[in-house]
Amino acid sequence: MRQKRARRFLDSEGLRNCAGAVALALGLWLMLPSGGLFAWDALLAKATVLVVIGFGGQLLIRVAAAEREAGSVVWLLMLCMALLSLLTVRAVAWLPGTYPQDWLGPHAMLFYAPHAFAPLLVAMLYGGQLAMVIGLIAGVALAMSAEGSLGVLLLSLCASAVAAREAPRLRHRMQILRALARIALWQTPIVLVIAVLSAHRESLLTVALQLAALYLMLLLSGMAVIWVLPLAERATGRTSQITLNYFADLGHPLLHRMALEAPGTYHHSMVVADLAQTAAEAVGANGLLARVGGYYHDIGKLSRPEFYMENQLCAGSPHDALPPNISRMIIVNHVKEGICLGRLHRLPPPLMHMIARHHGTSVIRWFHHKAMTQAAGQTDERATEAEESHYRYAGPLPESKEATIVALADAIEAASRSLEKVTPARIESLVASVVEAKWLDGQFDRSELSNAELCAVRKSFVFTLTHLLHSRLAYPLDDQNRDTEPATEVPDEPAVPS
Ligand SMILES: [Fe+2]
Ligand SMILES: [Fe+2]
């Protein structure tokens with residue numbers, strides 16, 4: 001509730017206008033011309049540029065980020081980044097006893113501006129496209145405060161382009177150093193060109209100091225990104241690859257507990273993770289997110305692992321002694337239990353999204369069938385209880401590409417356990433029938449996956465499953481074993497939900 005109210009506040013038009021006005025005032029103050037408030041013509045010109053940057057930035061963000069959530073939150077982020085970059089530059093000039101021009105020449109500001117900070121942070125949270133847009137906006141704002149210097153803009157664009165390419169792939173904090181080294185590699189020739197073209201003949205020592213200042217500022221920007229990242233993740237609700245990688249550790253307490261208390265579910269989750277990662281990468285979605293989603297999607301089963309088929313040994317199922325209605329309640333409850341456990345362990349929002357939606361509103365076929373059998377020839381009340389709608393999960397439906405892929409991988413892995421004879425043709429038929437059943441049941445109605453992507457996901461599942469079940473493959477030894485017909489006993493849905 002509190003989160004919804006905060007989101008509504010962030011999306012409100014009033015907040016956007018207030019933030020815009022405050023940003024304009026702050027920006028003007030930071031870019032104050034040398035004549036102060038009395039140089040009104042310069043002040044007016046800079047105010048106009050700031051307004052143009054603000055509105056132009058909004059338009060660019062809408063074009064670059066078609067995502068629903070990337071609206072005002074990103075716009076606020078853009079303002080913060082531009083102002084923070086300006087503030088850093090001003091802060092160096094305000095430090096008592098610092099005269100950077102004495103050491104770095106008249107264009108000193110070129111070299112101690114935090115070019116990499118904004119694009120690196122944004123690329124890690126929102127991806128490369130938005131990082132380019134925000135890097136461009138921060139670069140223009142910086143250039144304006146440096147009397148329209150083209151050098152500042154060039155260095156900023158260079159940092160943005162490299163950060164946009166590198167940052168979304170960073171999985172460890174130390175890999176930020178690698179991205180910074182690449183930015184430095186691209187920025188160095190620009191500094192040398194600026195030195196050669198400069199009207200003031202700069203000595204080799206000055207150029208060396210300029211490069212040293214640039215590298216030092218890059219390093220400080222990287223450290224600031226590491227420090228600010230957790231706060232930025234909390235503020236924006238986004239999750240970086242670095243955080244996801246932390247949750248991908250199989251030594252995480254939840255996964256370790258699952259391995260000991262629900263080994264069948266643990267194995268199922270590992271296979272789902274393999275299927276989901278390969279399929280997500282095949283359609284350009286986030287493979288690591290799909291993998292980690294596969295690991296955690298069934299953590300809710302930890303409260304009663306013995307009620308799930310994959311954890312039952314030879315002793316029989318506890319469901320045999322229960323009416324189907326009670327079994328349904330226990331099974332459906334694993335989604336709610338998963339959400340509670342996820343909150344307790346502070347799982348990031350995309351993983352919570354997958355836990356809540358991995359069954360969508362699908363039917364628990366096994367217990368529905370059992371209820372139908374028991375209700376045959378019974379009273380109207382029993383017949384109503386056996387209705388299909390009564391045996392559906394509460395939803396909601398999966399929305400993101402990764403959540404849809406995990407939901408599909410989950411159903412396919414569970415269904416693959418019922419294959420008596422494993423052959424490539426039967427695997428293909430099983431995958432096709434599960435995807436078709438989900439499609440006809442409306443489980444993809446809110447999914448971001450296109451038809452072409454769904455087709456690629458299906459092919460990826462067939463490929464991965466064939467390799468994962470390699471040891472169970474029944475090779476055609478003779479004509480009797482040769483299997484050219486599609487499987488006939490493929491279930492529409494997993495027999496017992498996983
Ligand atoms: Fe599952
Ligand atoms: Fe599940």
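User: What share of the contacts between residues at least 6 apart in sequence join residues at least 24 apart?
Analyst: In this chain it's 76%. Two residues are in contact if their C-beta atoms, placed from the backbone, lie within 7 Å.

User: Where does the model come from, and how do the numbers work?
Analyst: It's a predicted model, where local features need pLDDT of at least 70 and side-chain atom pairs count only at pLDDT 80 or more, while totals for chains, interfaces and linings use all residues. Residues are numbered from 1 along each chain as its sequence is written, and chains are lettered from A and ligands numbered from 1 in the order in which they are written.

User: What's the average pLDDT?
Analyst: The chain averages 81, and 73% of the residues score at least 70. pLDDT is the predictor's confidence in each residue, from 0 to 100.

User: Where does it stay under 50?
Analyst: Over residues 478-497. The model has 37 contacts beyond four places in sequence for that stretch.

User: Ok, how many helices and strands are there?
Analyst: There are 22 helices and zero strands. Helices (H or I, at least four residues) and strands (E, at least two) are DSSP runs, numbered from the N terminus.

User: And how much of the chain is buried?
Analyst: Of the 498 residues, 41% count as buried. Buried takes 20 or more other C-beta atoms within 10 Å of a residue's own, exposed takes 12 or fewer, and partly exposed is in between, with C-beta atoms placed from the backbone.

User: Tell me about H22. How many residues does it have?
Analyst: H22 has 18, residues 451-468. From first C-alpha to last, H22 reaches 25 Å, close to the 26 Å expected at 1.5 Å a residue. The expected span is 1.5 Å times one less than the number of residues.

User: Which residues of H22 are buried?
Analyst: Glu-453, Leu-454, Val-457, Arg-458, Ser-460, Phe-461, Thr-464 and Leu-465. They pack against helices H14 (263-282), H20 (401-416) and H21 (424-440).

User: At what angle do H14 and H22 pack?
Analyst: About 140°, with their axes 9 Å apart. Axes are lines fitted to C-alpha atoms, for helices over the stretch in contact, and angles run from 0 to 180 degrees between N-to-C directions. H14 and H22 are therefore oblique to each other. For the cut-offs, under 35 degrees is roughly parallel, over 145 roughly antiparallel, 65 to 115 roughly perpendicular and the rest oblique.

User: Which residues meet there?
Analyst: Val-271, Asp-274 and Leu-275 are among those in H14, and Val-457, Ser-460 and Phe-461 are among those they meet in H22.

User: Switching to Ile-405: is it buried or exposed?
Analyst: Ile-405 is buried, with 35 other C-beta atoms within 10 Å. You'll find Ile-405 in helix H20. Among the residues that Ile-405 touches are Ala-276, Ala-279 and Val-457. Ile-405 and Arg-458 are 53 residues apart in sequence, and 9.5 Å apart in space, C-alpha to C-alpha.

User: How do H17 and H20 cross?
Analyst: At roughly 40°, with their axes coming within 9 Å. In H17, His-353, Met-354 and Arg-357 meet Ala-403, Val-406 and Ala-407 in H20.

User: What about Arg-346: buried or exposed?
Analyst: Arg-346 is exposed, with 8 other C-beta atoms within 10 Å. Arg-346 sits in the loop between helices H16 (324-344) and H17. Although Arg-346 is not a glycine, it has a positive phi of about 50°.

User: And the peptide bond from Gly-395 to Pro-396, cis or trans?
Analyst: That bond is cis, with omega near 0°. Pro-396 is in the loop between helix H19 (380-385) and H20.
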